[in-house]
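Thanks, everyone. Let me put the structure up, and then I'll go through a few spots worth a look.

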Amino acid sequence: MESADSTTTASAAATTFDAVVSQEEHSITSVSEDHEKPCWGCGLRLLVSPYAPAFKCAWCGAITNENAVKRDNRCLKWKRLRDRCFVIVLIIFMIFIICGGIWAIYPVVFAINYYYGVLHLIIAVTLSISTISTFSFTAFRSAGAPPNILWGSYPAVRKGGLENYTFCLYCLRPKSPRTHHCRSCGTCVLDMDHHCPFIGNCVGAANHRFFILFLISAVTSTVYVTFMSAYAAYHIWPPFRYGTVIPWAGVLDHELLLRAVREFMITFLSSMLFLPARALVLMYLFMSSVSVEIGLSVLLWQQLCYIYEGKTYLSHLSSLDSDEATTKDCENIIRFFGCPYSTKRYLPVFMSSSKSHEK
């Protein structure tokens, strides 16, 4: 009887041990499967936490984000066609404005002085060609595609070869930290600054210099048009008489000043009834050039400030939440325009040399 009880107890213990072992094996297998995730950069399988939405490979340095969702780009071709058509229409409008300005301004300038008119005509043609050419290069040139690198295979990808790279689900290729994907253009852009709707293209590493040159040329051209249209309008404006005299010396009467301003405005508006068509075009050129040059000057100053800091617009936005320190120097602007030399070599020798120690 005792032998039967001992046999029953041993069989129950063996059954319990087998159940615990099988449960442990099952739990170990399930944990290892949940923690094992592949790296898109080198293809190695990594053991990571199942609650981590993103992880970084210790071998290649690539960052895998499992929560990234690819969006649909079905209307991308129509967007590109729309942007190109808008750019072509804008170029035609610029040529029309240039021709209208030459028709309105330069007959008046040639009537004053022939050689003076030839000189200003050369200046106008030069500014027009530079503005349209830099605008065309900015609009139709590629903004800058990221370089092709090896990825997806462990033997091909070296250690740290994809440091801080992420995977673009739109382009299905690696994306470096300096690269951003533009959903309007449907491509990744290296050193992307912003997407400009007026050029129908992104401003990136390949066309950022042309964009700055376009802004400089456009601001110079609009300032030139402002002065030339005012100069031509002054010579063809109908004469008008203004009889009220403002007492500049002595005590200025407030009522007399208001009366003088009122009479001046009435006389000025009355003279506009006798303006020729050329004068109306000059007024439009003056007002439009002033408004455009203000907007472009603000944009140019903002861009030069970012270049001075060694940043782009997008990198400036991303650095607002971080403590990243950048070197602010005029040499950033010189390097941006393609000058490989330092400004220190143009300084006098006594300024660049080290100071002597006093004994």
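This is a predicted model: local features need pLDDT of at least 70, side-chain atom pairs count only at pLDDT 80 or more; totals for chains, interfaces and linings use all residues.

**A buried glutamate, a helix crossing and some salt bridges**

Where is Glu-293 found? In helix H6, which covers residues 277–308. Glu-293 is buried, yet it has no salt bridge. The nearest side chain of opposite charge is Arg-278, and that is 20 Å away. What does Glu-293 touch, leaving aside residues up to four places away in sequence? Thr-222, Val-223 and Thr-226.

Next, helix packing. Helix H2 runs over residues 76–112, and helix H4 over residues 208–236. The two pack at an angle of about 65°, with their axes 9 Å apart. The crossing is left-handed. From H2, the contacting residues are Ile-105, Tyr-106, Val-108, Val-109 and Ile-112. On the H4 side they meet residues including Tyr-224, Met-228, Tyr-231 and His-235.

Now the backbone. Leu-172 is not a glycine, but its phi is positive, about 55°. Leu-172 is in the loop between strands S5 and S6. Asp-191 is not a glycine either, and its phi is positive at about 50°. Its place is the loop between strand S8, 187–190, and strand S9, 194–196. Why point these out? Because most residues other than glycine have a negative phi.

Stay with Asp-191. It forms a salt bridge with Arg-178, the closest N and O atoms being 2.4 Å apart. That pair links distant parts of the chain, 13 residues apart. Arg-178 is in the loop between S6 and strand S7. Asp-191 is partly exposed, at 23% relative accessible area. Arg-178 is partly exposed too, at 49%.

How many salt bridges does a search of the whole structure find? Five. Here are two others among them.

Glu-163 pairs with Lys-56, with the closest N and O atoms 2.6 Å apart. The two are 107 residues apart: Glu-163 lies in the loop between helix H3 and S5, and Lys-56 in strand S3. Glu-163 counts as partly exposed at 39%, and Lys-56 does so at 42%.

Then Glu-331 and Arg-335, whose closest N and O atoms are 3.6 Å apart. Both lie in helix H8, four residues apart, about one turn of the helix. Buried or exposed, for Glu-331? Buried, with a relative accessible area of 15%. Arg-335 is partly exposed, at 48%.

That's my tour. Over to you.

Key:
Residues are numbered from 1 along each chain as its sequence is written. Side-chain values use heavy atoms; hydrogens and water are left out. Buried means under 20% relative accessible area, exposed over 50%, partly exposed in between (1.4 Å probe, protein chains only). Lys and Arg count as positive and Asp and Glu as negative; His and the chain ends are not counted. A salt bridge is a side-chain nitrogen of Lys or Arg within 4 Å of a carboxyl oxygen of Asp or Glu. Contact means heavy atoms within 4.5 Å. Axes are lines fitted to C-alpha atoms, for helices over the stretch in contact, and angles run from 0 to 180 degrees between N-to-C directions. A crossing is left-handed if the near helix is turned anticlockwise from the far one by less than a right angle, and right-handed if clockwise.
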